[in-house]
Amino acid sequence: MQVKIYTRGFIRDGAVFIAIALSILLTAPGFATGIPLPENGKERRDSVDNRDTLTPGSRPIIPLDSIPGTPRDSTAADSSAQKPPFDDIVSYHWTDSTHLSVLEKKVYLYGNGSNVKYLTTEVTANYIEMDMNLKTAMATGTPDSTGALVGTPKFKDGAQEFDSKELRYNFATKKAFIKNIITQQGEGYMQGVFTKKQNDSIYCVLDGWYTTCDNHDHPHFMLRMNKAKLIKDRKVFATTSYLVIEDIPTVIGVPFIFFPITDKGTSGIIIPTYGEERMRGFNLRNGGYYFKFNDYFDLTLTGDIYSNGSWRLQTQSQYVLRYKFRGNFNFSTSKNHTGEKGLPDYQESSDWSLQWTHSQDAKANPYSSFSASVNISSAKNNYYNATSLNDIADQRKQSSVTWSKKWPDSPFSLNGSFNHNQNARDTSISLTLPNLSLRMTQIYPFRAKGKSSNLKWYDNIGVSYSGEFRNSISTKEYKLMKSSFSQDWNNGYKHDIPLSFSFKIAKDITFSPTISYSGFLNLKYLEKIWVPDTSARGGVEVKRYIEKITYSHQYSTGASIGYTPTIYGMYTFKPESNIIAIRHMVRPSFSISYRPKIGPLGTYAKTYWDGEKHVQYSMYEGLTFAPGYIATPQSGSLSFSIDNNIEMKLRENARDTTGSGEPRKVKILESFNLSSGYDMFRDSMKFNNISLSARTKIINDKIDVNLNGSIDPYALDSTGRRINKYAGGLGRLTSLGLTSGFSFSADNGKNKEKKNELVHGLYDQYVDFDLPWSINVNYRANYSNPGAGKSTITQSIDVSGSLALTSKWQLSYSTGFDITNKQFAATSFDVTRDLHCWEMTFNCIPFGQHQSYNFRINVRSSMLRDLKLTKRESWYDR
């Protein structure tokens, strides 16, 4: 039953209420126009409480103006009329019955889902009492057959919603008094025994609690608060508060509490974690402040401090501009002390690290792009500051920053980059800054625009251009900042102009002559001098670079002819066989190339006298770009390779001989490749080593098998040196590698949708609770016999996976075993227990150099992530 009452236009409270009452009475459900009134012509009257009682099916719908004796509103236009109690339509709905009290000016609604709507406010409950005088509504539930309260009030005002057991609401002031409120705030729920709603956003709570557990009747934990003030979707202030776990109060409490509950990021303090190290003592780690400037940029400042005086500062930032770019930046600097000052084992180290990633949206600019992936640090940074096995093993670091620009309808493009390589083991570092290149894709100057068929031989003449400027250095970390630009950095410019064309002599036979010009611009050249001394050699060679801009060039020419056919062989089985056919595809490739003897285009050779003879060297020796300073000998080589592929076609049903069923293809051998070469102008050992590789998948494509190796056709002498004598047979196997691996899971990879839940352990990871089990196994074997000494064989196996013991217990593991040395590799296992609103994690490295464990129970909500219990012993805390 639903009734809408429009109250504007009535001038007396009594008239207003009578009109409301009559409207409700005359619009009862279940009646149709024309059904007669009761014989006495009167309503059924409750003589006890003076209330009109209306139940579904008791009254017809009759227009208000048709009721005899209904007074007309003769003062509707009177400007002095009293303001109506409501400014808009009041909508009522009940499912069971309603009671109207004319004297009290109240409406009583009964039934599941009964509600009152006014503007954006809606109250729903099993029992609602509406007071027209006070403009208030009281709502509560009704007891069921067991005595439990059902149909408790639900309040909604726009986007604001909450549940309660009893509600008193004033439509005029929008204030409310609420018993046992339940309202969601961010990731958690605010509940209170008594709550006063001051306005749309402020609530004052007496005897309340906050929890992230969605078990409202008996939350697994809560922060019990004596008095609290809630500013909706912003923050909570509370007086004396303490932690309650499973309805048991704990001694963990605070005199005052404040925490934000906004869905948006907000600035705030980051609570540090505590620990103890053998080397640096007691510590507080990762404490600081988070700055949320806007939706596009934030900043995190954290620090570590140790009782022996060591410290670390870290800056992290994320930035994003939608449809343009996104990235993150991380920089840290630290000062580390180990041992006691004045003792032999005392060490002091200043370390730093920089990580930066930047990516541009593909739609931002189709003709220009910029990306960065930077990971650079001091050599000992990971030793002191790493917190995971991956960081410990990360001894090699690489960085790349690239920018590219191309022009529409143009063959030209411009690229710039910065590159970095670093090895923390020996502190070596290589930098290239900058590396600029200008490219022109191949164009065909003699071909008409748009021509693609009936080409003449000169239509295939193509020319391209490439130019590159590079400035680089390879040195030790401690020498980098002291390096000299002129003596230690290599820099120069090189450009190439190749001219080539190709045409087919016959099917699968292509002839390709080429000629290329190269020019080199250098900012310095090398000078060597001999300085006599009294040593046994009689002197020493001294190198120095002379700063002077020089230009040098060279050219090269050659030709090649290639033959690349494809050969198929097929064997067809009988119709009653489950195998339809087996196909063998062979791709041989033969090519012959020739390059004539070419002398240098300038005098780039220099000499010095070492006291016995003239020593010749290149003036561009050791530089990035350098021409040949002596004539290049002629060369001619024959290269050949052969690749094989074997596939089988099967019937899905062995009894299907009609061919109507869809056949299934099975790859027996994906690839088996052999390749080598022969140099016709080499004075000895003209054959190159034979390279072989193979790959396939077996057992329904579950197991990958890869094989690669090298065969030397020449024999060795007694000292292990290669000699110009064939080894016999297929040659001498110098290396062979085999890798194989498989991955199995309970659903065999069919379940593509995985429910991931974040685990706040020592190292963040994702755990899939829907996957009963998975296992990954990788096997590696290598054979090496280069010729000097004995051959070596190494074998290792790696195993990782996960096992869901129950829907709440998850086990993941990772281990390995060096079969050759009979040693276990880095081994770890993690156990996770889903505790509803809490979670338990146990991480363990049971043995090895980094033996450690971490046990932790914490609230799953990120808002209360510091509410935790931790017990750990890490390798960096010992």
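# Close-up views of a predicted model

**View 1. Ring pairs join six aromatic residues into a cluster.** Tyr 118, Phe 155, Phe 162, Tyr 169, Phe 171 and Tyr 203 are linked by ring pairs. Rings of Phe, Tyr and Trp (its six-membered ring) are taken to pair if their centres lie within 6.5 Å; planes under 30 degrees apart count as stacked, over 60 as edge-to-face and the rest as tilted. By this rule, the count of aromatic pairs comes to 30. The model is predicted, and local features need pLDDT of at least 70, while side-chain atom pairs count only at pLDDT 80 or more and totals for chains, interfaces and linings use all residues. Residues are numbered from 1 along each chain as its sequence is written, and side-chain values use heavy atoms, with hydrogens and water left out.

**View 2. Phe 817 and Phe 824 form an edge-to-face pair.** A pair of aromatic rings is described by the distance of the centres and the angle of the planes. For Phe 817 and Phe 824 these values are 5.1 Å centre to centre and 70 degrees between the planes. Phe 817 is partly exposed at 26% relative accessibility, whereas Phe 824 is exposed, with a relative accessible area of 55%. In these legends, buried means under 20% relative accessible area, exposed over 50%, and partly exposed in between (1.4 Å probe, protein chains only).

**View 3. Strand β12 pairs with β7 and with β13.** Helices (H or I, at least four residues) and strands (E, at least two) are DSSP runs, numbered from the N terminus, and two strands pair if DSSP finds at least two bridges between them. Strand β12 covers residues 166–170, and four of its five residues are buried, so the strand is largely enclosed by the rest of the structure. Its pairing with β7 (residues 136–140) is antiparallel and runs over five bridges, with Thr 136 as the bridge partner of Asn 170 in β12. The pairing of β12 with β13 (residues 176–185) is also antiparallel, over four bridges. Here Glu 166 stands opposite Lys 179 in β13. Five residues lie between the strands in the hairpin of β12 and β13, where Lys 174 takes a positive phi near 65 degrees.

**View 4. Salt bridges join Arg 168 to Glu 166 and Asp 163 to Lys 154.** Side chains of opposite charge can pair when their charged atoms come close. A salt bridge is defined here as a side-chain nitrogen of Lys or Arg within 4 Å of a carboxyl oxygen of Asp or Glu, and by this rule the count comes to 26 salt bridges. The closest N and O atoms of Arg 168 and Glu 166 are 3.5 Å apart. Arg 168 is partly exposed, with a relative accessible area of 44%, while Glu 166 is buried at 18%. Asp 163 and Lys 154 meet at 3.5 Å, N to O. Asp 163 is partly exposed at 30% relative accessible area, and Lys 154 is partly exposed at 46%.

**View 5. A salt bridge connects Asp 207 and Arg 224.** The closest N and O atoms of Asp 207 and Arg 224 are 2.9 Å apart. The pair links distant parts of the chain, with Asp 207 in strand β15 (residues 202–211) and Arg 224 in strand β16 (residues 221–231), 17 residues apart. Asp 207 is partly exposed, at 30% relative accessibility.

**View 6. Charged groups of two arginines lie over tyrosine rings.** A charge is said to sit over a ring if NZ of Lys or CZ of Arg is within 6 Å of the ring centre and within 35 degrees of the ring normal. The charged end of Arg 280 sits over the ring of Tyr 306, 4.2 Å from its centre. Arg 447 lies over the face of Tyr 444, at 4.1 Å from the ring centre.

View 7. Lys 105 belongs to the loop between β4 (97–101) and β5 (106–118) and is buried, with a relative accessible area of 18%.
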